[in-house]
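This report looks at a protein core and at a surface beside DNA. Please view the structure before reading on.

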Number of protein chains: 2
Amino acid sequence: MDKTKYPASTKKAQENMEASRPDTATRILDVSERLFVEHGFEATSLRMITQQAEVNLAAVNYHFGSKDALFEAVFMRRLAPLIASCLAELDELEAREEKLSVEGLVTTFIRPCLALSKDPARGGALFVRLLSRTLVENHRLLRETISQQYSVFVQRYSRAFHHALPELGVEELAWRMHFAFSVMFNAFAGNDVLKIFTRSQIVSARDPDMIVKYLVPFVVAGLVSPVEG
Amino acid sequence: MDKTKYPASTKKAQENMEASRPDTATRILDVSERLFVEHGFEATSLRMITQQAEVNLAAVNYHFGSKDALFEAVFMRRLAPLIASCLAELDELEAREEKLSVEGLVTTFIRPCLALSKDPARGGALFVRLLSRTLVENHRLLRETISQQYSVFVQRYSRAFHHALPELGVEELAWRMHFAFSVMFNAFAGNDVLKIFTRSQIVSARDPDMIVKYLVPFVVAGLVSPVEG
DNA sequence: GTCTATATGGGGATAGAC
DNA sequence: GTCTATCCCCATATAGAC
């Protein structure tokens, strides 16, 4: 199978988008995405995937070649559009405002994540959770495939934040960006840090708008806080 | 083996603490802790553990009963003392200050984590990373064992933060605590969110003091930021 | 307590009929 | 493209000698 084309963009998949049963490869991708989020990569077997997708066991290897390649396909199907959206928002913001606001910058990242989370056709909140999980699990696949491919993303945001917060040194800015992205990913991931450490029903409700209402001010406050000393 | 006593506190283990080769159960715990952090629970096999610990394959089941029970033992060996330290700091702070400061509260959590991170005899930064990872992976073992046992911890911090930030509503406070603990765990976990999103050599240096220098102000700023609207 | 040997099951991957 | 059947490996766990 052509590695640069994933089923979601093939003609057959498009034809079936409104049908009740998407084609085999898409069904595999959809189920895998959910199971990888729920159980992690290692704990998810091809047998679990193919049973729930109601396809034959051999279909995974036929369509994707291996379990590793399947993971990559699941990942790339969502990540490329997400990053493209962020950069598009960033372009728009830079064209609109001479002096970038931190809140504006944060929003260029959060809004596409939010839009994705609210769109069931693109997996809803599942992918953002998968992304967060994968970052923490430090997959070799992620290190090898993603980090090279999306250095553009990193560089764009680093420069933008430096522009918005010129008073911060390189080291301080790097740390703050690290903290900011950490908390944003965890928020969208809907992890259970909260259930254990706040034991709150409120927080475990995964309403994306609630996340943004409280998340953006928290992150912005941390980013813009005055330098000590 | 008595489930309430782990090797690190047995007489034999204490005798061997300064010797070059700790007893079998302790060796297994040490190696497991490292491997669970590196590869995750599912991807770590008993064969990897017993080979690196230079003990027999059957030793794990003899000493701990099962892989699940081993995980729990690895976890509880560190978590119980860590939580006890946090609560002790909290007691001390509450005795010392009438009006709790947010920075003081945050520090009661960070200081024990930092102390643990800097103490190789207690696994150094490994355990905090394991804790973070396990929270994200949402292990059943963690949900079942820990969350019941340590509701005290949750309640104490919730009340303390409510006391320090009385102007915040219940919902707003729950979210802020969630964000705060998320970013703190990720910081100590030394995840690679940073390597991908900031591509910085600075941040990947795992100097615990650097973490605190930048982490505390970030978290405090987010917690105390004025309520909108 | 420690070892060897093995039981038992599940994993990913593939060959070859249809 | 899809199916069945199977290969081969590795997993956890245990039985029983020492």
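A nonpolar core is a set of buried Ala, Val, Leu, Ile, Met, Phe, Trp, Tyr and Cys residues joined through side-chain atoms within 4.5 Å. Buried here means under 20% relative accessible area. In this predicted model, the largest such core has 145 residues, and A:Phe161 and B:Phe161 have the most contacts inside it. Leaving aside neighbours within four places in sequence, A:Phe161 is in contact with A:Val102, A:Leu105, A:Val106, A:Leu173, A:Met177, A:Phe181 and A:Leu223. In soluble globular proteins, nonpolar side chains tend to be buried together.

The next topic is DNA strand D. Around DNA strand D there are 14 residues, of which A:Thr24, A:Asn56, B:Leu46, B:Arg47 and B:Lys67 come nearest. The residues of this surface divide into five nonpolar, seven polar and two charged. Of the DNA strand D atoms within 4 Å of the protein, 60% belong to sugar or phosphate, and the rest belong to bases.

| Protein atom | Atom of DNA strand D | Distance |
|---|---|---|
| A:Asn56, polar backbone atom | phosphate oxygen | 3.3 Å |
| B:Arg47, polar side-chain atom | base nitrogen | 3.3 Å |
| B:Lys67, backbone N or O atom | phosphate oxygen | 2.9 Å |

Which elements give two or more residues to the surface near DNA strand D? They are helix H4 (58-64) of chain A, and helix H3 (46-52) and helix H4 (58-64) of chain B. The largest share, three residues, comes from H4(A).

Methods. Residues are numbered from 1 along each chain as its sequence is written. Chains are lettered from A and ligands numbered from 1 in the order in which they are written. This is a predicted model: local features need pLDDT of at least 70, side-chain atom pairs count only at pLDDT 80 or more; totals for chains, interfaces and linings use all residues. Side-chain values use heavy atoms; hydrogens and water are left out. A residue is near a molecule or strand if one of its heavy atoms lies within 4 Å of it. A polar contact is a pair of N or O atoms within 3.5 Å; within protein, one must be able to donate a hydrogen and the other to accept it, and residues adjacent in sequence count only if both atoms are side-chain atoms. Helices (H or I, at least four residues) and strands (E, at least two) are DSSP runs, numbered from the N terminus. Ala, Val, Leu, Ile, Met, Phe, Trp, Tyr, Cys and Pro count as nonpolar, Asp, Glu, Lys and Arg as charged, and the others, Gly among them, as polar. Buried means under 20% relative accessible area, exposed over 50%, partly exposed in between (1.4 Å probe, protein chains only). Contact means heavy atoms within 4.5 Å.
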